[in-house]
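Hi,

Here is the structure I said I'd pass on.

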2 protein chains.
Amino acid sequence: MEFEKVREEDVLKLLEERKFADVRDLLKDMEPIDIAELLEEMPEEKLPLLFRILPKEMAADTFVEMDSDMQEYLIQTFSDKELKEVMEDMYLDDTVDMIEEMPANVVRRILKHTSPEMRIKINGILQYPKDSAGSMMTTEYVDLRKDMTVQDAFTRIRRTGVDKETIYTCYVVNNNRMLLGMVSVKDLLLHNYDDVIEDIMEPNVIYATTLEDQEHVAEQFSKYDFIALPVVDMEQRLVGIITVDDAMDVMEQEATEDIEKMAAIMPTEKPYMKTSVFETYKKRIPWLLLLMISATFTSMIIKHYEAALATAAILSAYIPMLMDTGGNAGGQVSVTVIRALSLHDIEYSDVPAIIWKELRVALCCGGTLAAANFVKLLVFDRLSLTVAAIICLTLISTVIVAKIIGCTLPILAKRVGFDPAVMASPFITTIVDAVSLMIYFRIATAMMPGLGG
Amino acid sequence: MEFEKVREEDVLKLLEERKFADVRDLLKDMEPIDIAELLEEMPEEKLPLLFRILPKEMAADTFVEMDSDMQEYLIQTFSDKELKEVMEDMYLDDTVDMIEEMPANVVRRILKHTSPEMRIKINGILQYPKDSAGSMMTTEYVDLRKDMTVQDAFTRIRRTGVDKETIYTCYVVNNNRMLLGMVSVKDLLLHNYDDVIEDIMEPNVIYATTLEDQEHVAEQFSKYDFIALPVVDMEQRLVGIITVDDAMDVMEQEATEDIEKMAAIMPTEKPYMKTSVFETYKKRIPWLLLLMISATFTSMIIKHYEAALATAAILSAYIPMLMDTGGNAGGQVSVTVIRALSLHDIEYSDVPAIIWKELRVALCCGGTLAAANFVKLLVFDRLSLTVAAIICLTLISTVIVAKIIGCTLPILAKRVGFDPAVMASPFITTIVDAVSLMIYFRIATAMMPGLGG
């Protein structure tokens, strides 16, 4: 349940009447992301004014939620003092995310107005590869020593906690910043003030390394129900933490990438409405071209049987139906298997069980489809028994072939190190098309000896 | 980075030698979900023994992570006392999730061994519709009163917090349990012990209502970066909370459902390997049948032009290529639009902008494909200029039609209240097939007057 929506017109009207205090009252109870979304609807020239009206403590939080075009526009209107204030109130990981989207001149201006130690931290995170744990992390976390008491820990949290993105998981390190253990604020609250951290900390900490893939990091969150995960460098020194909200964003982004790959699109990171026509074209044309060229095989097969088709032209009327059904049957299983692979529900050792299962599913599906089609072909299309039998036998065979190819190809792709998601329906459709046409003409020439072929 | 994997054989060997203390040592540092996954690999008859070997405080946590078949098997081997102990250590929402998967006789036995007040709570949650906020929530949360001090709040958390799934967000209620505000443990820690809750609480709380759809709840988590969300009933009384780990599970499940629908499968909740052949068949056959029947149109169109095809049989050789390319082009855009709809990146008002964009993308893609194909048809296939032109003109038209149908159909479906995901590639392929065949034959009969048609 969200609150009643503040309407763009109301804000603009109040701005017109210069009732700035009323605008502030309207906005002050909203969540930062909702303010950012409202501002996105506004005429660009009103943005600097509106941003200055925001209660100071909300300005940075709202800035973080804006898209990068708006951020860039605002930064260009900021005075040096304003820029400095916003930067100081932002969490480090958000600053880094923003900088990654900005043109070089804006980045220079931002870095000029951050403190030297902050600049070092920002540059530290910027050097990690995109999509690595290092690039997702923040260096703002609560660290404790093992000889502290619970009381000491609370004092430290109270003193340093304001600037930390999460304080609920605290990490215990030694003098070399090696990760020794973790203790949650829940543990701290449920122990006595004079208990020693070493006695209550959890020494077996699951952690990420800076170069680990972000997808793997997100999976750890969803598997272990963490709210934060520590990140260590090659020497096992604690360098940062990743919080659950960033893991959720990665999960969403990775699901989108998988969906795009399955639909024969090269993955993008930008939202649909922000991608230009040329960018969209570039992401779609490679697969369209490749799949079009591989459809050459189907033309070759049909040309090979041209004489047969000329004799029994009726056969060509059912090619689309056979091909579509094969494509759909193959797509169903390939997409299921690809999703199961990315959720780690199946592994390579399951292949025999999967093939055996899909074989039985294919027999059931193929049988049902063939039976329904047989009746239709005889009763409605008034075909001869022979032609109907050719079509229905092909249908069963096509479904079986499609299901088997659809389940094995993605797993094999993963086995040899390819991304299984690109082995989805479009790719499998192309293969199944060729195979089903061959089956069709083989069965037809066998059952109608006059056809030749 | 996970820890070194404990191997099944090692555990079985130690069990064989009756070195139970060593087994416990092996398992005690593992995360509950990793123990549950290890147990799944074990022979079933070893489970009760292994479960009893687990350190007592880990037993319930591990039990929660098991799949329902294993849980059912174990419950049947539990003594009444063991069952009671495990139930007492489980969080309420986990207990309810488990009960929902159990056969009636097991449910009766479970309910017999829970306390009367727990039974009332379980039945309360069970009555909410599946996939509603009410069915996701737990009733175990920390509630505060507005006249408490920070010191009082900590006392309350210390006294009652052990059994709560999260203590980091506390909810302020009045005597009628109406939700007045919330305060995070971070706020509590950063304020003085004698500050009063009313002065530091956030009175504008975003909440869910019991009947709200779980998908919408998960979206709130990902939008606002919450770690918990309160759930209120029709009278605005606080009845429970939902935690971020459950929201992540829902996100994952909803992404899987969308992917399944896009591949013309009716969504399942069970993992692939746990679904029986018949269940899989039932989820796949309806769409296969429907799509097969709608492919009747393509047969009708081809039959209508049978005479033309008999004259120029070469035309039929390119039907599969044209249809596949149309299907792929339409699938690319429909899947992109469906995903953008479910991430709320686009709305109904964006339709003109989307169509305009897709029209330009279609011209670029169609042009590239036609040019590449034209060269291939003349040089490699040695077709006449006329036939090559027919095929390439059809190709451009098909790509344009496919892109426009692919972007409008899912948005229109959503507009009239259908699920846009079922309007994905297979459905659009079927429509595009029919349209592209009509275009093909129209262009062919126009450019080759001898064809008739």
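**What turned up**

Let me start with one residue: A:Pro286 sits in helix H17 (residues 277–294) of chain A. Bear in mind throughout that this is a predicted model. With a relative accessible area of 34%, A:Pro286 falls between the cut-offs of 20% and 50%, so it counts as partly exposed. Leaving out residues up to four places away in sequence, A:Pro286 touches A:Met266 and A:Tyr281. A:Ile265 is 21 residues from A:Pro286 along the chain, and their C-alpha atoms are separated by 8.3 Å.

Another spot in chain A is A:Glu82, in helix H7 (residues 80–89). Its side chain makes a polar contact with the side chain of A:Arg52, at 2.5 Å. Apart from neighbours within four places in sequence, A:Glu82 is in contact with A:Arg52 and A:Thr77.

On annotation, an unreviewed UniProt entry puts the feature "domain: CBS" at residues 137–200 and 201–257 of chain A. Residues 137–200 of chain A are 33% helix and 20% strand, with the end C-alpha atoms 26 Å apart. For residues 201–257 of chain A the figures are 44% helix and 23% strand, and the end C-alpha atoms lie 38 Å apart.

Now the interface. Chain A and chain B bury about 11200 Å² between them, and 64% of that is on carbon and sulfur atoms. The contact involves 124 residues from chain A and 124 residues from chain B. Across it there are 43 residue pairs in polar contact, counting pairs with both residues at pLDDT 80 or more. Helix H20 (residues 319–342) of chain B gives the largest share of the chain B side, with 14 residues. By class, that side of chain B has 69 nonpolar, 26 polar and 29 charged residues.

Next, the salt bridges. Side chains of opposite charge can pair when their charged atoms come close. The whole structure has 38 salt bridges over all chains, and eight salt bridges cross the interface of chain B and chain A. One of those pairs is B:Lys223 with A:Glu37, at 3.6 Å from N to O.

Which residue does A:Lys223 meet in a salt bridge? The partner is B:Asp34, at 2.7 Å from N to O. A:Lys223 lies in helix H15 (residues 214–224) of chain A and B:Asp34 in helix H3 (residues 32–41) of chain B, so this pair joins two chains. B:Asp34 has a relative accessible area of 19%, under the 20% cut-off, so it counts as buried.

Within chain B, B:Lys81 and B:Glu85 form a salt bridge, with the closest N and O atoms 3.3 Å apart. Both lie in helix H7 (residues 80–89) of chain B, four residues apart, which is about one turn of the helix. B:Lys81 is exposed, at 60% relative accessible area, while B:Glu85 is partly exposed at 28%.

B:Lys261 and B:Asp419 also meet in a salt bridge, 2.5 Å from N to O. This one links distant parts of the chain, 158 residues apart: B:Lys261 is in helix H16 (residues 244–262), and B:Asp419 is in the loop between helix H22 (385–415) and helix H23 (425–447) of chain B. Is B:Lys261 buried or exposed? It is buried, with a relative accessible area of 15%, whereas B:Asp419 is partly exposed at 30%. Back in chain A, salt bridges with shared partners join A:Lys13, A:Glu17 and A:Lys19 into one network.

Cheers

Conventions: Residues are numbered from 1 along each chain as its sequence is written. Chains are lettered from A and ligands numbered from 1 in the order in which they are written. This is a predicted model: local features need pLDDT of at least 70, side-chain atom pairs count only at pLDDT 80 or more; totals for chains, interfaces and linings use all residues. Side-chain values use heavy atoms; hydrogens and water are left out. Contact means heavy atoms within 4.5 Å. Buried area is the accessible area (1.4 Å probe) that two parts lose on being put together, summed over both. A salt bridge is a side-chain nitrogen of Lys or Arg within 4 Å of a carboxyl oxygen of Asp or Glu. A polar contact is a pair of N or O atoms within 3.5 Å; within protein, one must be able to donate a hydrogen and the other to accept it, and residues adjacent in sequence count only if both atoms are side-chain atoms. Ala, Val, Leu, Ile, Met, Phe, Trp, Tyr, Cys and Pro count as nonpolar, Asp, Glu, Lys and Arg as charged, and the others, Gly among them, as polar. Buried means under 20% relative accessible area, exposed over 50%, partly exposed in between (1.4 Å probe, protein chains only). UniProt positions are given in the numbering used here, feature names are shortened, and annotations may be inferred rather than shown by experiment.
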